[in-house]
Amino acid sequence: MKPLITFVLLSLCLLPIIFVLVNSRSFSIDYKNNCFRKDGKPFQYISGSIHYSRIPREYWKDRLLKMYMTGLNAIQVYVPWNFHETLQGVFNFAGDRDLEYFLNLANQTGLLVILRPGPYICAEWEMGGLPAWLLQKPNIILRSADTEYLKATSVWFGVLLTKMRPWLYQNGGNIISVQVENEYGSYFACDYNYMRHLHNLFRLFLGEDVILFTTDGNTDKEMICGTLEGLYATIDFGTDTNITAAFIRQRRFEPKGPLVNSEFYTGWLDHWGDKHASVDTVKVSKMLGEMLSMGASVNMYMFEGGTNFGYWNGADHDTRFRSVVTSYDYNAPLSEAGDPTDKLLAIRDVIKNFRDIPVGPMPPATPKFAYGFVTLQKVGNISSLLDTLSPQGPVQSQYPLTFEEIKQYYGSMLYRTTLPRNVPEPTPLISPLNGIHDRAYVSVNGVYKGLMERDTALVMNVTGQQGDQLDIIVENMGRVNFGSYINDNKGLLGNLILGNDVLTDWSIYPLDIDTAVANGWLQAGHSGSGMEAGDGPMIYSGTLKPTGLAWDTFVKLNGWTKGQVWVNGVNLGRYWPQRGPQQTLYVPGPFLSATQPNNITVLELERAPSHRRILFMDRPQFFLNHSGWSVS
């Protein structure tokens, strides 16, 4: 009994000491001396962006260690709302979504965290991180003081920010600052009531001590609409910008305090059909040195980009819809596969001039292996597999319904009706209001006829007899993540017209291909009877034999047209080699088995090559232009 009493008394004596130790931690803005202060001392952060949602959990520690060994003292992290609340009211923070585990790894590595919880994040991520179920409210004004939107964001932040509060630096964690919204000045709404609501929410859940800040582009309009009193205003710009002019603009909105470039662009994104983007290493390193010499705190966007696995890529819409590719390599200092590049080494040489670099070797690139060719077998076309892919059956509707109305937010859906009359001569099938979101694969009586595409191909010719089955498989290519078009519903958004007839009486099949693949229901010979030859959406499968290795690799689909690939039930993302620039899909080693057969599933949407082979390579490949290739 006496030892227990002694232990309790000792614990009570230590509590004030622990309290003092925790509360002696502080991170603040010194407006008099134009700097941050960490535990009372001037502090300049040198940070890099990393997205846990784009990297397998097994590789988080490796990437963070490489960033630390480069000389970074902080990382910047987006939190995609739709990654954690894909279905309304169902919150997922497990496995690859375990944000607190990621924060803990960063803390153990010695990295501070700049948290960017949105609710909108852009990031070339599906719908800018906003969950698609918000669009079930047809007139909702996203990123505004719209009542339904504020209600949803308040619930989300009640969950997320409550989890984040113990991770604030002053509470013993490693989060030094938190961004409110994201580049709000670039959005049309310019709704200060919305920003005030968010400000109040963040203070409610995070307290009064944490630094809250905004980030906006380098224009007056963006800074005017994106900033708010009580939130520290920072700016973002890349190597094509005059540093002095940009920071003068920040000073106009934030006269005192540290200079901050919250997104210094080390590279850029790719859309399908683009030339592969790159930013010159010499320009990046030179400009980084100049900003650090001015005492500015800098975050490099991106430091590692990672991969848009599954359906998580975003899209832009300026003059037309442009979907972002699967790779988010971003020409960043760490490659998509987490390998150090010459750009990383140049950046490390710059950082050496401003702070001590950790002693020790840079962790090496993860090992890669060329596993060779795998020949796939046809499982069947989509129509022959509906019992497997849409076990709940179709939704009946006189007119087309959107993905959001059906509550199928990602992937593809099948719209089925019949021809209302004989059409012996080629007759135009038209989407008069540009309602194909985003690509539609059309067949009559199971025979593929061609495709329609948002903004670019809204008419195609059809022939057939009255009563013939018309199937239209519509693919969601990723929702717009930036600008005024983020209310980006998917599917058939309006009526289709055949000649002079409005098509009605639709059977709409949600296609849950991911569940079917994960459960092994789509292996050749296991399901489906539709083995007929032909183009159009088809599923193929095969096996990569075990080699005793589970190393990173890259799959190339030479001769294939467009589709999706799964390895052991994991959705690697989209391929589209004919449009490019991306020619290979990254396959992280943890997705493979060294000892068991690895199941490969391919959804080819247009046309498979006669050889039906795919190739596993030891390096990625991007098509630069008509005269060259880029191999990382």
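Author: Accessible areas here come from the Shrake-Rupley method with a 1.4 Å probe, and for residues only the protein chains shown count as cover. The model is predicted: local features need pLDDT of at least 70, side-chain atom pairs count only at pLDDT 80 or more, and totals for chains, interfaces and linings use all residues. Residues are numbered from 1 along each chain as its sequence is written, and side-chain values use heavy atoms, with hydrogens and water left out.

Reader: What does the accessible surface of the chain come to, and which share belongs to carbon and sulfur atoms?

Author: The surface comes to about 24,600 Å², with 54% of it belonging to carbon and sulfur atoms.

Reader: How does one read the radius of gyration of the chain?

Author: The radius is taken over C-alpha atoms, and the globule rule is 2.2 Å times the number of residues to the power 0.38. For 632 residues a compact globule would have a value near 26 Å, and the chain agrees, at 26 Å. Its C-alpha trace spans about 85 × 70 × 55 Å along the principal axes.

Reader: How many helices and strands does the chain have?

Author: Helices (H or I, at least four residues) and strands (E, at least two) are DSSP runs, numbered from the N terminus. The chain has 13 helices and 36 strands. A contact means heavy atoms within 4.5 Å; among contacts between residues at least 6 apart in sequence, 78% join residues at least 24 apart.

Reader: Why is helix α2 described as largely enclosed?

Author: Helix α2 (residues 60-70) has 8 of its 11 residues buried, so the rest of the structure largely encloses it. Among those buried are W60, R63, L64 and M67. Their cover includes the strands β4 (46-50) and β11 (297-304), as well as the helices α4 (99-109) and α10 (342-351). After α2 comes G71, with a positive phi near 115°.

Reader: Is N481 buried or exposed, and which residues does N481 touch?

Author: N481, in the loop between β23 (469-475) and β24 (491-492), is buried, with a relative accessible area of 0%. Leaving aside residues up to four places away in sequence, N481 touches residues including Y120, W125, M127, D316 and I486.

Reader: What is the helix and strand content over residues 400-512?

Author: That segment is 4% helix and 49% strand, with its end C-alpha atoms 19 Å apart. An unreviewed UniProt entry places the feature "domain: Beta-galactosidase 1-like first all-beta" at residues 400-512; UniProt positions follow the numbering used here, feature names are shortened, and annotations may be inferred rather than shown by experiment.

Definitions and conventions
Buried < 20%, exposed > 50% of the residue type's maximum accessible area, 1.4 Å probe, protein only.
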